[in-house]
Amino acid sequence: MKADLDDEQLWKAVVDASLELPASELYPFNEELEVARVCGKWFMISTVRGKRMVNLKADPQDARALCESFESITPGYHMNKKHWITVMPGPGINEELIRELVMESYLLVVDGLPKYQQPVDPASYGRREDLSICTQLGATSRAVAEDSRLTEKNLCRFTRSYSASSCQI
């Protein structure tokens, strides 16, 4: 089982995952906020308010499922609660999950850039065919929500170590 991350480990995982992505950079927005951006657009914002808080963009359906599944993931702190999540150290927050969430946030931002500015193809970069729960398993997001609350074990989209077949919905 993967270890839960503390403040320092969470920050290191976020920074490492962010800087591995093409055309990304860390940007100190002010004394309290660190930002990762791609082509000038933010995909990660972090601060410390008692403990480390990392804001990441997320698909609204994924954001809702993540917030219901992890007590340390909440709607975005001081952000649009529909499109951003806040991740804090806690149960189930491990390096693999952080890498997936950072990648997803980055790809959402890249997808919104004009094609000529996109450093990667957001439809294929870093993705596998079995990542999307709803599309690959033929379930709708409503059926996913009604049949089972997503847990760390069956979040195929965010944990690449599980295949689509291991996520029985």
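Buried means that a residue has under 20% relative accessible area, exposed means over 50%, and partly exposed lies in between (1.4 Å probe, protein chains only). By this definition, 13 of the 17 residues of helix α3 are buried, so α3 is largely enclosed by the rest of the structure.

## Basis of the report

This is a predicted model, in which local features need pLDDT of at least 70 and side-chain atom pairs count only at pLDDT 80 or more, while totals for chains, interfaces and linings use all residues. Residues are numbered from 1 along each chain as its sequence is written, and side-chain values use heavy atoms, with hydrogens and water left out.

Helices (H or I, at least four residues) and strands (E, at least two) are DSSP runs, numbered from the N terminus.

## The helices α1 and α3

The expected span of a helix is 1.5 Å times one less than its number of residues. For the 13 residues of α1 (residues 7–19) this gives 18 Å, and the end C-alpha atoms are 18 Å apart, which agrees. Helix α3, with 17 residues, reaches 24 Å from its first C-alpha to its last, close to the 24 Å expected.

A polar contact is a pair of N or O atoms within 3.5 Å; within protein, one must be able to donate a hydrogen and the other to accept it, and residues adjacent in sequence count only if both atoms are side-chain atoms.

The buried residues of α1 are Leu 10, Trp 11, Ala 13, Val 14, Val 15, Ala 17 and Ser 18. Contact means heavy atoms within 4.5 Å. The elements that cover these buried residues include β1 (24–28), β2 (34–38), β3 (41–49), β4 (51–57), β6 (84–87) and α3 (95–111).

## The sheet

Two strands pair if DSSP finds at least two bridges between them. An open sheet of 6 strands has the order β1-β2-β3-β4-β6-β5, with antiparallel pairing. Strands β1 and β5 (73–75) stand at the edges with a single partner strand each, so one side of each is left without a neighbour in the sheet. The twist averages 25° from one strand to the next.

Strands β3 and β4 pair in the antiparallel sense over 6 bridges. Val 48 has Arg 52, in β4, as its bridge partner. Helix α2 (residues 60–69) lies across β5 and β6 and runs at about 130° to β5. For such angles, axes are lines fitted to C-alpha atoms, for helices over the stretch in contact, and angles run from 0 to 180 degrees between N-to-C directions.

## Two buried residues of the strands

Thr 47 lies in strand β3 and is buried, with a relative accessible area of 6%. A polar atom of the Thr 47 side chain lies 2.9 Å from the backbone oxygen of Glu 32. Not counting residues up to four places away in sequence, Thr 47 touches Glu 32, Leu 33, Arg 52 and Met 53.

Asn 55 is found in strand β4 and counts as buried at 6% relative accessibility. The side chains of Asn 55 and Thr 86 are joined by a polar contact of 2.4 Å. Among the other residues that Asn 55 touches are Phe 43, Tyr 77 and Trp 84.

## The aromatic cluster

Rings of Phe, Tyr and Trp (its six-membered ring) pair if their centres lie within 6.5 Å; planes under 30 degrees apart count as stacked, over 60 as edge-to-face and the rest as tilted. The structure holds 2 aromatic pairs. Phe 43 and Tyr 106 form an edge-to-face pair, 5.4 Å centre to centre with 80° between the planes. This pair links distant parts of the chain, with Phe 43 in strand β3 and Tyr 106 in helix α3, 63 residues apart.

The rings of Tyr 106 and Tyr 125 have centres 6.5 Å apart and planes at 55°, so this pair is tilted. Tyr 125 lies in the loop between α3 and α4 (133–136), 19 residues from Tyr 106. Tyr 106 counts as buried at 0% relative accessibility, whereas Tyr 125 counts as partly exposed at 26%. Phe 43, Tyr 106 and Tyr 125 form one aromatic cluster.
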